[in-house]
Amino acid sequence: MKRLRAAAMILAALCLLTLIGQRLVSDSLDSLDKGLARVEILCICGEYPQAREQIRYMTQSYQKQQAVLAVFIRKDQLYELESALYGLNAYAHPDYLQDLLCETGKLKSQLNGVRRLFFALL
């Protein structure tokens, strides 16, 4: 009877961890996706200082979440996302609008890839 109770507790803990991980990863990736859409809109409207501020905010929030995300997502994928985020700041200039849109598209593809890999394991 004790083994059955221990097995049930372990199963409940794993289910809880899975649900928490799903929520954290989903919220983090959705936040980045919305931030990228906002950066695109700001740059298209010509508001480059605000776009740079949005990129800085996204980078800071991603750095805070990275340690928790590393529990659920491979670190090499997190580093790829981080380096792509840092690179966006260089494109927030009127001369590089098309490059910025291309880079945000690549970053959104990376986010979707991470999302698919994570949720495929569930």
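Is R23 exposed or buried? R23 counts as exposed, because its relative accessibility is 57% (exposed is over 50% relative accessible area, buried is under 20%, and partly exposed is in between, with a 1.4 Å probe and protein chains only). Keep in mind that this is a predicted model, where local features need pLDDT of at least 70, side-chain atom pairs count only at pLDDT 80 or more, and totals for chains, interfaces and linings use all residues. Residues are numbered from 1 along each chain as its sequence is written, and side-chain values use heavy atoms, with hydrogens and water left out.

**Salt bridges**

- The whole structure has six salt bridges (a side-chain nitrogen of Lys or Arg within 4 Å of a carboxyl oxygen of Asp or Glu).
- R23 pairs with D27 at 3.1 Å, N to O; both sit in helix α1, four residues apart, or about one turn of the helix.
- D27 counts as partly exposed, because its relative accessibility is 38%.
- Over in helix α2, E53 and R56 are three residues apart, again about one turn, and their closest N and O atoms are 2.9 Å apart in a salt bridge.
- E53 is partly exposed at 43% relative accessibility, and R56 is partly exposed at 41%.
- R74 and D76 also meet through their side chains, at 2.9 Å from N to O.
- R74 is exposed, with a relative accessible area of 53%, while D76 is partly exposed at 36%.

**Nonpolar surface patch**

- L16, I20, L24 and V68 make a nonpolar surface patch of about 320 Å² (patch residues have over 30% relative accessible area and no salt bridge; nonpolar side chains, meaning Val, Leu, Ile, Met, Phe, Trp and Tyr, are joined within 5 Å, and like charges within 9 Å; areas are Shrake-Rupley with a 1.4 Å probe, and for residues only the protein chains shown count as cover).
- Helix α1 gives the largest share of that patch, three residues (helices are DSSP runs of H or I, at least four residues, numbered from the N terminus).
- V68 lies in helix α2, residues 48-72, and counts as partly exposed because its relative accessibility is 40%.

**The cavity**

- A search of the whole structure turns up one cavity of 30 Å³ or more (on a 1 Å grid over the protein atoms alone, a set of points where a 1.4 Å probe fits but cannot get out; lining residues have an atom within 4 Å of a point).
- The largest cavity holds about 30 Å³ of space (the space filled by probe spheres set on the points, which are joined across faces, edges and corners).
- Its lining is L32, L36, M58, L81, L85, L107 and L111, with α1 (2-44), α3 (75-91) and α4 (97-121) each giving two or more residues.

Terms used
1 Å grid on protein atoms, 1.4 Å probe; cavity = no way out; pocket = protein on both sides within 12 Å on 5 of 7 lines; lining within 4 Å.
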